[in-house]
Amino acid sequence: MKQSFLCQILELKALGESVFTITIKRPQAMGEVRPGQFFQLKANQLPYLRRPISISEITEQTLSFTIIAKGEGTKGFQRLKAGDQLDVLGPLGNSYHIDAANRRILLIGAGIGVPPQAVLAEALAAQGNAHITVQLGFKDVPYMVERFTALTDDVIVASESGKGDYRGYVVDLTQCALQTEIYDIVYVCGPPIVIEKVAKLCERSNTKVQLLMEERMACGIGACMVCACKVKDENSAEGFWYKRVCSDGPVFWGSEVVFDE
Ligand SMILES: Cc1cc2nc3c(=O)[nH]c(=O)nc-3n(C[C@H](O)[C@H](O)[C@H](O)COP(=O)(O)OP(=O)(O)OC[C@H]3O[C@@H](n4cnc5c(N)ncnc54)[C@H](O)[C@@H]3O)c2cc1C
Ligand code: FES
């Protein structure tokens, strides 16, 4: 049974017009929280269902979530303030596979896929033995870049607006990197189109890749199949089956996911 905790908001910090970070006090009863995991968030004063949000920072005392206000639920979170209560269900899902044997790492985050990559960068940097290249993609104004710069070796920022190192899509940078460098593993999180393109680029260059899928969710605990993800399955007549992003994922190996043409 997944547990939910009512936590006090310590700070709500704006990172941009519609991007903000909520930091909560971490309950002592909450177990380990690993890179790639997420929580289902709800504020009792808001009339919305829970929204799945990844962790963007973990400390002994606190947990942070970095959110882009898009629809009703996430805009509601933006109106909360320090002292309010946040109902957090989790940690949910599996987590990124981290192996000290991987020395050359490419980490990609785009849009709402940027925040969870910061927690991953922290865990990889703590191992201290890998060269970590980061590629970040934004629509307009970049955020959280300094955090990655402090933790990793190279950070390249792409944005559609031209605010960054490269005007365009982050996958253009990925394509170039995979043609010129060899990586032991790639980690990507972002919109479905970015996930799919990176998975296919990695397949072509024979590079291991982990995909953090931010699918639309409902229950978030494996009960409804709203978040189904098509995966290869040699034992089924069709050659594929479905896994639940919320409970079997949200992290999958690129080699197991089927992308429909
Ligand atoms: C495992 C996981 C981790 C996530 N982590 C983060 C995070 O760290 N920060 C963050 O800002 N967001 C994150 N998201 C996405 C976030 O949950 C959605 O943006 C949110 O559910 C949409 O709620 P809303 O109230 O803004 O929009 P709604 O009013 O529900 O919908 C508004 C728009 O958002 C679209 N939308 C709905 N769900 C998603 C989704 N899952 N992904 C993309 N677009 C969606 C809808 O199609 C619609 O166009 C994550 C999602 C998942 C599944
Ligand atoms: S959201 Fe219900 S099974 Fe995943």
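**Exercise 1. What span should the 13 residues of helix α5 (residues 192-204) have at 1.5 Å a residue, and how far apart are its end C-alpha atoms?**

Before we start: this is a predicted model, in which local features need pLDDT of at least 70, side-chain atom pairs count only at pLDDT 80 or more, and totals for chains, interfaces and linings use all residues. Residues are numbered from 1 along each chain as its sequence is written, ligands are numbered from 1 in the order in which they are written, and side-chain values use heavy atoms, without hydrogens and water.

*Solution.*
- Step 1: Helices are DSSP runs of H or I with at least four residues, strands runs of E with at least two, numbered from the N terminus.
- Step 2: The expected span is 1.5 Å times one less than the number of residues, so α5 should span 18 Å.
- Step 3: The end C-alpha atoms are 18 Å apart, which agrees.

**Exercise 2. Find the buried residues of α5 and say what they pack against.**

*Solution.*
- Step 1: With buried meaning under 20% relative accessible area, exposed over 50% and partly exposed in between (1.4 Å probe, protein chains only), the buried residues are V194, I195, V198, A199, L201 and C202.
- Step 2: They cover an arc of only 165° around the axis (taken from the directions from the helix axis to the C-beta atoms), which puts them on the same side of α5.
- Step 3: A helix has 3.6 residues a turn, so residues three or four places apart point the same way.
- Step 4: P192, I193, E203 and R204 are exposed on the other side of α5.
- Step 5: Taking contact as heavy atoms within 4.5 Å, the buried residues pack against β8 (104-110), α4 (170-180), β12 (185-190) and β13 (209-213).

**Exercise 3. Describe T21 and its surroundings.**

*Solution.*
- Step 1: T21 lies in strand β2 (residues 19-25).
- Step 2: T21 has 12% relative accessibility and therefore counts as buried.
- Step 3: Leaving out residues up to four places away in sequence, T21 touches several residues, including E11, L12, F65 and T66.
- Step 4: The side chains of T21 and T66 make a polar contact at 2.8 Å. Such a contact is a pair of N or O atoms within 3.5 Å; within protein, one must be able to donate a hydrogen and the other to accept it, and residues adjacent in sequence count only if both atoms are side-chain atoms.
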